[in-house]
Amino acid sequence: MRPPHLSRRGALAAAAAATTAALAGGCAAPSAAAGGRTRLRFWHLFGGGDGVTMQAMLDAFRADHPGIALEAATLQWGAPYYTKLGMAGAGGRAPELAVLHLARLAGFAPGRLLDPFDLDLLGELGVRATDFPSDIWRRGQAGGKQYAVPLDTHPLVLYYQTEVCEKAGLLEGGGDRRTLKPLRDAAEFADALRAAKKATGQPGLVTETLGPDCITPWRLFATFYSQTGGRVLSEDGRRLVLDDAKALTVLEFMARLVEEGLWVRRADYAASVGIFNGGKTAFHLNGEWEVTSFRTTGLKFSMTRVPGLFGRPTAQADCHAFVLPHIAGRGGAPDEAAHTLVAWMLKHSVAWAQGGHVPAYLPVLDDPEYLALHPQSAYRDVVDDVVLDDPAWFTGSASRMWIELGGVFSGVLTGSRTPRAALAEAKRRLRRLLDTRDPLSGAAS
């Protein structure tokens, strides 16, 4: 997901204060917990509205577990977080528990920088492998051990303005729960954009297309390309297997929508959110985390999973997951406390889902409290169809691949690169990344 921006969340001041306080003690040397309580240090990267939600959940955990002295630190989102976490695991100053984007696990040296979970202990706490989508659970494994336990998945989704879509004849059903008509292929999606433009005089779709660290063009390409059945890297993440024909089909479709004036050509991330919030653009493709931005302003909108325009109904995604940074001699009460916090967070992830994320803990998806969340629960079945980046050290949220290929495919959406030129440049950059040594591969335990 993206780091928070000023228009995304409504409680940034509170989150900033919590972050500052947490960072002040986040790297302190280990000390005994006061009053015989078990000390548990937890690092995460949640700011903005997610940070406020996480803080509330951690406070509730503290109230439920008075014997655990939980110390939570919020670190800077993106590359700074992962650099600090990797060095902590290598240098013996790691917290007992941390958050990691699941697609980054392959580059995080499981076994050296991370310790495996005790699945028997998790089972005693009521958390088992069968409680998760099998593909997501497997992505947390390495060498036959479980190094990551997923909290959620945060996929690309389709936001739509209900009043605009009503005017364009794109809704079905009755009452307050009218929903978007099925869009079964690329042609029907393009027709929907044309109908929206005819109704409003505005392009039917807005997304991030440019700006510093512009990653949405990559997420769009990855979503549509995954729907063709293609993959970017080999299963072991060591070879480039990008299918030129399938990639060009997707890139040429994206370019045609822009050329026809159906897609806003130039918008950075904040501008794309602001344009959709303005109420005249029918559709917005983005991560599901902006739900709170639009609910805060009172926008009349809903959400659905990205339509299967090119075959399979898949969507690019990543997952927030819990990991155990390497600690020499891990075990005992602090390790049990870390497992306890993981299990508690999973079982209480309805609160986490309010920010748009789809819980990875399957029992929550049937919880009446979660089902009552609208529009958050409307796209919950995408949890079975999310596609994470192929495993390599340079993939996953805030990764080198996202930033580099986001910049390349940005050119297709702004008109500065042809689809063929963008594909050639993307392949050149991927080969260079494949030839580059993982900067964390030499980290010692």
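A pocket, on a 1 Å grid over the protein atoms alone, is an open set of points where a 1.4 Å probe fits, with protein on both sides within 12 Å along at least five of seven lines; lining residues have an atom within 4 Å of a point. Grid points are joined across faces, edges and corners, and a volume is the space filled by probe spheres set on the points. The largest pocket holds about 1300 Å³ of space. Of its 49 lining residues, Arg 139, Glu 235, Asp 389, Asp 390 and Pro 391 are the closest to its centre.

The structure is a predicted model, in which local features need pLDDT of at least 70 and side-chain atom pairs count only at pLDDT 80 or more, while totals for chains, interfaces and linings use all residues. Residues are numbered from 1 along each chain as its sequence is written, and side-chain values use heavy atoms, with hydrogens and water left out.

**Pocket lining and helix H8**

The lining of the largest pocket has 24 nonpolar, eleven polar and 14 charged residues. Here Ala, Val, Leu, Ile, Met, Phe, Trp, Tyr, Cys and Pro count as nonpolar, Asp, Glu, Lys and Arg as charged, and the others, Gly among them, as polar. At least two lining residues come from each of helix H5 (134-138), strand S5 (141-142), H8 and strand S17 (386-387). Helices (H or I, at least four residues) and strands (E, at least two) are DSSP runs, numbered from the N terminus.

H8 has twelve residues and spans 17 Å from its first C-alpha to its last, close to the 16 Å expected at 1.5 Å a residue; the expected span is 1.5 Å times one less than the number of residues. Twelve of the twelve residues of H8 are buried, where buried means under 20% relative accessible area, exposed over 50%, and partly exposed in between (1.4 Å probe, protein chains only). Among them are Arg 219, Phe 221, Tyr 225 and Gln 227. Just after H8, Gly 229 takes a positive phi of about 90°.

Trp 218 belongs to H8, which covers residues 216-227. Trp 218 counts as buried because its relative accessibility is 2%. Leaving aside neighbours within four places in sequence, Trp 218 is in contact (heavy atoms within 4.5 Å) with Val 232, Asp 389, Met 401, Trp 402, Leu 405, Gly 406 and Phe 409. Asp 389 is also one of the residues closest to the centre of the largest pocket. Asn 277, 59 residues from Trp 218 in sequence, is 23 Å away, C-alpha to C-alpha.

**Strand pairing**

Two strands pair if DSSP finds at least two bridges between them. The pairings below involve S1 (residues 38-44), S2 (residues 68-74), S3 (residues 97-101) and S15 (residues 320-325).

| Strands | Sense | Bridges |
|---|---|---|
| S1 and S2 | parallel | seven |
| S1 and S3 | parallel | two |
| S3 and S15 | antiparallel | four |

Arg 41 stands opposite Glu 71 in S2. Trp 43 has Ala 98 in S3 as its bridge partner, and Val 99 has Phe 322 in S15.

Six of the seven residues of S2 are buried, so the strand is largely enclosed by the rest of the structure. S3 is mostly covered as well, with five of its five residues buried. Leu 97, Val 99 and His 101 point one way from S3, and Ala 98 and Leu 100 point the other way.

**Backbone features in loops**

Most residues other than glycine have a negative phi, and most peptide bonds are trans. Asp 213, not a glycine, has a positive phi of about 50°. Asp 213 lies in the loop between strand S11 (205-206) and H8, and counts as partly exposed because its relative accessibility is 48%. Ala 398 has a positive phi of about 60° and is not a glycine either. Ala 398 lies in the loop between S17 and helix H16 (400-414), and its 16% relative accessibility means that it counts as buried.

His 374 and Pro 375 are joined by a cis peptide bond with omega of about 10°. Pro 375 sits in the loop between helix H15 (368-371) and S17.

**Thr 162**

Thr 162 is found in helix H6 (residues 162-167). Not counting residues up to four places away in sequence, Thr 162 touches Leu 171, Lys 300, Phe 301 and Ser 302. Ser 377 is 215 residues from Thr 162 along the chain, and their C-alpha atoms are separated by 17 Å.
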